[in-house]
Amino acid sequence: QVQLVESGGGLVQAGGSLRLSCAASGIIFSICAMGWFRQAPGKQRELVAHITSSSTTTYADSVKARFTISRDNAKNTVYLEMNSLKAEDKAVYYCNAFCTHVYWGQGTQVTVSS
C-alpha cells in the first residue's frame with residue numbers, strides 16, 4: 001500500500017518560513033520523481049516544485065529563489081523549504097510521486113498571515 005504523508009504545514013506570518021516534509025512508503029522512492037503541488041481556494045492545483053530521481057529540480061516562476069525542494073532517499077522523504085512566504089502562498093500543499101503510477105498525499109494546509 002502506497003502512502004505519502006505530508007507534514008510541516010501551519011500558520012506563519014508573511015516573510016516567514018516553513019519546511020514541509022513528505023514521507024513515502026510502499027514505493028521504490030529512489031526511482032520516483034517527486035513533486036509538490038498546491039491548491040488555493042477557487043483555483044486549480046498547480047505544480048510548485050519538482051525533483052527527479054537524479055535530483056534535478058524545477059520550480060514554478062512564482063516560487064523561484066524562495067522555495068527549495070530536496071530529497072533524502074535514505075529516509076524516503078522529500079522536503080519543501082519555503083522562505084519569504086507571501087499571502088499568495090496560502091494553499092493546501094500536496095506531495096506527489098511520479099513512479100510507474102502517480103500517487104498523491106492527503107495535503108497539508110499552509111496559511112500566511114499578512
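Start by selecting Gly42 in the hairpin of S4 and S5: Gly42 takes a positive phi near 80 degrees, and the hairpin has six residues between its strands. Strands here are DSSP runs of E with at least two residues, numbered from the N terminus. This is a predicted model, in which local features need pLDDT of at least 70 and side-chain atom pairs count only at pLDDT 80 or more, while totals for chains, interfaces and linings use all residues. Residues are numbered from 1 along each chain as its sequence is written, and side-chain values use heavy atoms, with hydrogens and water left out.

**Strand S4 and its partners**

Next, select strand S4 (33-39). Two strands count as paired if DSSP finds at least two bridges between them. S4 pairs with S5 in the antiparallel sense over five bridges, and Gly35 stands opposite His50 in S5. S4 also pairs with S9, again antiparallel, over seven bridges; there, Arg38 has Tyr93 in S9 as its bridge partner. Six of the seven residues of S4 are buried, so the strand is largely enclosed by the rest of the structure. Buried means under 20% relative accessible area, exposed means over 50%, and partly exposed lies in between (1.4 Å probe, protein chains only).

**The core**

Select Met34, Trp36, Val78, Leu80, Met82 and Tyr93, the residues with the most contacts inside the largest nonpolar core, which has 29 residues. Strands that each supply at least two residues of this core include S3 (18-25), S8 (77-82) and S9 (91-98). Such a core is a set of buried Ala, Val, Leu, Ile, Met, Phe, Trp, Tyr and Cys residues joined through side-chain atoms within 4.5 Å.

Now show what surrounds Tyr93. Leaving aside neighbours within four places in sequence, Tyr93 is in contact (heavy atoms within 4.5 Å) with residues including Leu20, Trp36, Phe67, Leu80, Met82 and Val110.

**The four-stranded sheet**

Move to the open sheet of four strands, ordered S1-S3-S8-S7 with antiparallel pairing. Strand S1 (3-7) and S7 stand at the edges, each with a single partner strand, so one side of each is left without a neighbour in the sheet. On average, neighbouring strands of this sheet are turned by 15 degrees against each other, direction ignored; the axes are lines fitted to C-alpha atoms, and angles run from 0 to 180 degrees between N-to-C directions.

To follow the pairing, select Gln3, whose bridge partner in S3 is Ser25. S1 and S3 are joined antiparallel over five bridges. S3 and S8 also run antiparallel, with six bridges between them. Leu18 stands opposite Met82 in S8, and Ala23 stands opposite Thr77 in S8.

**The salt bridges**

The structure holds five salt bridges, each a side-chain nitrogen of Lys or Arg within 4 Å of a carboxyl oxygen of Asp or Glu. Select Asp89 and Arg38, whose side chains meet in one of them (2.9 Å, N to O). Asp89 lies in the loop between S8 and S9 and Arg38 in strand S4, 51 residues apart. Asp89 counts as buried at 0% relative accessibility, and Arg38 counts as buried at 6%.

Salt bridges that share partners join Arg38, Glu46, Arg66 and Asp89 into one network.

Finish at Lys64 and Asp61, whose side chains form a salt bridge (3.1 Å, N to O). Lys64 is partly exposed, with a relative accessible area of 46%, and Asp61 is exposed, at 66%.
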